[in-house]
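Have a look at the structure first, then try each task before reading its solution.

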Amino acid sequence: MPQPYLSDPATRPARIRIGHLAEAKKRGEKFSMLTCYDRMLAEVFDEAGIEILLVGDSAANTVLGYDSTLRISMDEMITFSKAVVNGAKRALVVADLPFGSYEQSPAQAVESAVRLMKEAGVHAVKMEGDARHAGHVHAMVGAGVPVIAHIGFTPQSEHALGGYR
């Protein structure tokens, strides 16, 4: 059984950072990530000890009532992300890069990621992608943006895939 690190009051950091997650992984310690869209729930999750809060583009469906995640804008993602950052005192806050905010080029990806970090205060960004987006990830990391890549089921590709499956 691994020794507690992130969950032990004696050793847990005041603010979770990417390096803390890497250390927990190295130790074999599990950590959690939950999706969150507002300040109040961020406070509850943060106090419960959730290590990562994801501001998902799924807010398009669950909060805004859109029929697809494709419709959420960068400005809407920034608004939701600000709310979560304002409620999280310890958790690492990650925001989805919405559809259309990074696919065009590595420069567009950096610009969008920097907006989420500067305007919303998030600590990392998440994007859907595959090997074709390696240059985008490299550019964002080079600009100082921690990136979580999402592979597998990619809702932003719903039309290219012929629907959800």
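**Exercise 1. Work out the order of the strands in the sheet and find its edges.**

Step 1: the five strands make an open sheet, ordered β1-β2-β3-β4-β5, with parallel pairing. Strands here are DSSP E runs of at least two residues, helices are H or I runs of at least four, both numbered from the N terminus, and two strands pair if DSSP finds at least two bridges between them.

Step 2: β1 (33-35) and β5 (147-150) each have a single partner strand, so one side of each has no neighbour in the sheet and they stand at the edges.

A note on the source: this is a predicted model, where local features need pLDDT of at least 70 and side-chain atom pairs count only at pLDDT 80 or more, while totals for chains, interfaces and linings use all residues. Residues are numbered from 1 along each chain as its sequence is written, and side-chain values use heavy atoms, leaving out hydrogens and water.

**Exercise 2. Find out how β3 is joined to β4.**

Step 1: β3 (residues 92-96) and β4 (residues 124-128) run parallel, joined by three bridges.

Step 2: now pick out Asp-96, which sits opposite Lys-126 in β4.

**Exercise 3. Describe which residues meet where α5 packs on α6.**

Step 1: on the α5 side you'll find Pro-106, Ala-109, Val-110 and Ala-113, and they meet Gly-135, His-136, Ala-139 and Met-140 of α6. Contact means heavy atoms within 4.5 Å.

Step 2: sort these contact residues and you get six nonpolar, two polar and no charged. Nonpolar covers Ala, Val, Leu, Ile, Met, Phe, Trp, Tyr, Cys and Pro, charged covers Asp, Glu, Lys and Arg, and the others, Gly among them, are polar.
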